[in-house]
Amino acid sequence: MKSPVYVRYSLIVLFIQLLFLGPGLLQLNCQAEKVITIAEGYAPYSLDPHVDTNQAARNISDSICEPLFWYDFSKKELVPNLGTSVKNLNDNTWEIRLRKDVSFTNGEPFDANAVKFSIERIKDPQLKSRLLATVRNIKEIKLIDPYTVHLITSSPTPTLPFYLTRVGMVPPKYVREKGFVEFGKKPIGTGPFESVRWVQDEYAEIKANKDYWKGKAKVDRVIFRSIPETITRMAALKTGEAHLVSNLVIEEIPSIKVNKDLDVVSIPSIRMLFIQFNMLQDSLLKDKRVRQAMNYAVDVDSIVKNVLQGYGVRLSGQLISKEYEGYNPNIKPYPYDPAKARSLIKEAGAENYQFTLNASTGRYLRDKEIAEVVVNQLNAAGIKTKLNIMEHGALTQQLMNKKFLDLLLSGLATPPPTADLFYGVGVRQGPFYSTYVNREFDQAFDEAVSTIEKEKRQKLLYRLGEICRDDPPAIFLHQQVTIYGFNKRLAGFIPSPDEKIDPYLLDLK
Amino acid sequence: MNDLLNNIIKNKKALIGITIMLLVILTALLAPLIAPHDPGDQDVTRRLRPPYFMRGSASYFLGTDALGRDILSRVIFGSRISLLVSLASVMGAGLIGSILGLLSGYYGGKVDSIIMRIVDIQMALPYLILAIVVMAVLKPGLQNVVIVLIVTGWVRYARVARAQTLVVKENEFVTAAVALGAKRSWIVFSEIMPNILIPLVIIASLEIGQMILGEATLSFLGLGVQPPVPTWGGMVADGRDYLSFAWWVPTLPGLAILITVLGINFFGDWVRDSFDPRLRNL
Amino acid sequence: MAQACPLRVINADMTYVGKRLVYALLVIFSVLTIVFFLVRLSGDPTSLFVPLSATQAEIEQLRKEIGLDQPVYIQYYRFLKRSVQGDFGLSLRYQQPALDLVIVRLPATLELALVALTFMFVIALPLGILSAVKRNSPVDLFSSGLALFGQSVPGFWLGLVLILIFSVKLPLFPSSGYKGFLSLILPGITLAAFSSSLVARMTRSSLLEVLSSNYITTARSKGLSEWTVILKHSLRNAAIPIVTIIGLQVGPMLSGAIITEQVFGFPGMGRLAVQAVLNRDYPVVQAFVVVAASLITLTNLTVDILYYFLDPRIRHE
């Protein structure tokens, strides 16, 4: 008698399964190769260094397309890379000398042409590049000789060299041929690694560039995986599937440290978390006392200690941390004083006003939990607040359109960490994120950013911090701390405040 | 009535099912009286405490969540919202779906084509995508969760209602009523409706659990009810990062879902078994 | 006369299939239309895809590029014109053809679904049959309990638990990603959980109904062995509702895949789709909807055709 239909069905299905077994068996790589796997939560949408500027995407694209200079966080100074020196010839002219005898992996030479092309392409509206802010002051690029360029700015921009640390160098001919979409799928650069494969939403694989001008990397391949779910990402570390993982479950840290094969390292990042006030709307937030009251009402120390288990650094009454140039060490944070908050609210007549705190979930570490705690604390201090959790797209829209109601939990990082970039993007009235209205601040800011003389500049930048302390643009929360879990076989990993992971330094024991 | 009670007691499954359901309903009704703590009472210094049976304190019997709130109290109050959401969406979807299915089956012709076409079109779209798109249009919140669940759920009732109507339509009672010259609308409501009710009620009872899980899925995607409203699904979703470290935070509310769904399923099975004459004598 | 009959039957078959095909296409088209208008209600995506410093002029320029500056009905007309040629526009986020993005991820989701379907056939179906045959036995109680469990727990919770137990605690399977057969098992089981439970329970109740029918009592009285009765006679009769249920699972599986792929970091269509909706990436949402609707209607069509050949009653309608 004929075998039942479903048995036949199962056999067909199982046969198809065996076809997939093949690739699995081929995964037994030759052991001579050193392959490192890094797992992060974000999945890049382009590997073009000028398009997707999220640091997790940059970790990949920066290893392929290097910038002219790097920023050394510990020494707070510029490190030459493809650019060997930078000199300020006059207020608006910068001379950059380039490294000789370097080529892109497709054979094109790295020279002044490549620099001009790379910088100018950021302004291409097709790219919609988020690096625009860093190069918009560059009016003109003069090619003096194949290894010297002059950057002419439209107004004095003392931090220009620092901005250049964000601009990767790309091969002009190749980019022109392929177009930016193809280039974004398989970029080519001068860097220590070359692109091998990119499976969107899953992983990007890069291999060592054996002709790299600094010398070949110690590892042969690096695989950057994107695993959005926190537990799953942590599982990859525990099972040995990943050697380095960013952002673990904080409470699991002790158990990971106890594991003899694993370890944890953390570093305060340049991402600042704060609750932005929308002063562009007609609301009681225009009253300074209300905004100060909110700062008194929130117990940030408790949030950092309990919700983040100490993995956070409280902001000291200003929006930037000490990693930022222009940080004012003399400013003290708002003390936790709910009674004072209550009296300020009474003074301002805001006892019956219902505020709304908008927040997303999963965008920043423990954002939803922090938002819930803040709402609770505000209410406890007599400031009626309700929580509105929005999904990612809606929140971004409201932020970009500056239409969010009252308060918004925000996280901002502006590498390279300079006060003028951060304040320029986040605080000073303008097209970027700012919803702050303060004429005095804007004027002081404009003065500070065009002052080149160091001491005067510092004083002006300090003044900006003082203005914000008194007339807050936000509820100052904390500086995020990035937590990495890694396998002890991994050597050379140095965490960086800008969340950068540099595979060139890594080795596998 | 006596027979009914006897029937229930003899059938263990039914007994368990009804007991659970009564328990859940009572919990929801009496929540403020039986919950040991305020479900919104945060205290971040007592986060993630283990439940009593894991050497935790008795005052936080099921432990505390990521913001220090008592899980037992939140589960108790969560029953209110979870029941509210699931009952409202089941009733909404059930009503809309059943009526449309009934009309479709009874009147046939153009009405039938249009309604069934809409059903086919909606069923060609994975329900979760429809739910997410609608959620992106409306914003996350209790009301909109119910709306989304109704919008995605009504089709399941429509199909069944229509099929059953087609069967009942040929029934003697109906043809007799038609012969007697009864008005169509009267026929629909007094003859057909009661007779298609049973399979629909069975589906509805199964769907209650699915609605609770649907709310959990939406919360997982960040599209659920707004905090601080406690829902079982939301608690599982919110607590999932702590699964390896403090498993009770997402799992105990999940257990509440499981027990409730179990109870409803046992009840639903019993209803079906009792009303299906063919199975009675097995 | 005897020669004309087969031809007429074949013609009838073809007409049936043809009619169903046309209807399927109409359905896909309608789904696309509805989603087209629905996503546009969820807000203007332009602000999500411009650099911060964009001026009003630049924003308008982008809207023009995407085609959002036109009134909706013109956008719709353009969209229809292009989509029949297979052009669903460029993804706003990836700047790559939207349809390509979806198609590239289709195999992964299909493999996942295949593993889940295998699970359904190889485990759920037999368990359902066994439960019906050995009603109220320990096997029945166990599998019914398991099925109930599978239908009562959130998928994401189950997935995470499976990872923690069968990948971290017991190093049996990869915890995430899509490399090799083993990486399909845990997500496959997670995806299968709900549908398999449903199938198992439906199989059980459907088979129970048939087993208690007169037809079967007759077969038994004829002295046929119990298993012959079950496999040959009952199953064929119970096949229709079972096939219906399995066919109906494609839609829920695509929904389930969304969650499973998120939990397991699996590069499938589901993950792409949900991100596209949340990122207001209209072209990708539209492309996904077309592919998903096609899959579902194709499955329904296949099921209908199967019915046609399984159930003689339909043929003579």
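How many residue pairs are in polar contact between chain C and chain A? Hi everyone, that is where I'd like to start today. The answer is ten residue pairs, with both residues in each pair at pLDDT 80 or more. Please keep in mind throughout that this is a predicted model.

Let's look at which parts of chain C do the touching. Six helices each supply at least two residues of the side of chain C that touches chain A: H2 (46–49), H3 (56–66), H5 (98–133), H7 (155–169), H11 (250–264) and H12 (269–278). H5(C) gives the largest share, ten residues. By class, that side of chain C divides into 27 nonpolar, 16 polar and eight charged residues.

Now for the extent of this contact. The size of an interface is often given as the accessible area lost when the parts come together. Here, chain C and chain A bury about 4,700 Å² between them, and 62% of that is on carbon and sulfur atoms. Each partner puts in 51 residues: 51 from chain C and 51 from chain A. There are also two salt bridges between chain C and chain A. One I'd like you to find on the screen joins the side chains of Glu391(A) and Arg280(C), at 3.0 Å from N to O.

Next, please turn to the contact of chain B with chain C. In this one, 46 residues of chain B meet 47 residues of chain C. The two chains bury about 3,900 Å² between them, 77% of it on carbon and sulfur atoms. How many salt bridges cross the interface of chain B and chain C? Zero, by the rule used here. What we do get is six residue pairs in polar contact, again with both residues at pLDDT 80 or more.

On the chain B side, helices that each supply at least two residues include H4 (109–123), H8 (184–220) and H10 (248–275). H10(B) gives the most, with eleven residues. The side of chain B that touches chain C has 32 nonpolar, five polar and nine charged residues.

Chain C has 14 helices and zero strands. Of its 317 residues, 54% count as buried. If you take the contacts in chain C with a separation of 6 or more, 73% of them are between residues 24 or more positions apart.

Let me zoom in on one residue I like, Thr64(B). It sits in the loop between helix H2 (12–34) and helix H3 (71–107) of chain B. Is Thr64(B) buried or exposed? Thr64(B) is buried, with a relative accessible area of 0%. Its side chain reaches the backbone oxygen of Arg46(B) at 2.6 Å, and a polar atom of that side chain lies 3.1 Å from the backbone nitrogen of Leu48(B). Thr64(B) also touches Trp248(B), among others. Those two residues are 184 apart along the chain, yet their C-alpha atoms are separated by 8.8 Å.

Last stop, chain A and strand E15 (residues 385–389). In a regular strand the side chains alternate between the two faces of the sheet. E15(A) runs parallel to strand E14 (residues 355–359) of chain A, and five bridges join the two. The bridge partner of Phe355(A) in E15(A) is Thr385(A).

Note on methods. Residues are numbered from 1 along each chain as its sequence is written. Chains are lettered from A and ligands numbered from 1 in the order in which they are written. This is a predicted model: local features need pLDDT of at least 70, side-chain atom pairs count only at pLDDT 80 or more; totals for chains, interfaces and linings use all residues. Side-chain values use heavy atoms; hydrogens and water are left out. Contact means heavy atoms within 4.5 Å. Buried area is the accessible area (1.4 Å probe) that two parts lose on being put together, summed over both. A salt bridge is a side-chain nitrogen of Lys or Arg within 4 Å of a carboxyl oxygen of Asp or Glu. A polar contact is a pair of N or O atoms within 3.5 Å; within protein, one must be able to donate a hydrogen and the other to accept it, and residues adjacent in sequence count only if both atoms are side-chain atoms. Helices (H or I, at least four residues) and strands (E, at least two) are DSSP runs, numbered from the N terminus. Ala, Val, Leu, Ile, Met, Phe, Trp, Tyr, Cys and Pro count as nonpolar, Asp, Glu, Lys and Arg as charged, and the others, Gly among them, as polar. Two strands pair if DSSP finds at least two bridges between them. Buried means under 20% relative accessible area, exposed over 50%, partly exposed in between (1.4 Å probe, protein chains only). Lists of a residue's contacts leave out its neighbours within four places in sequence.
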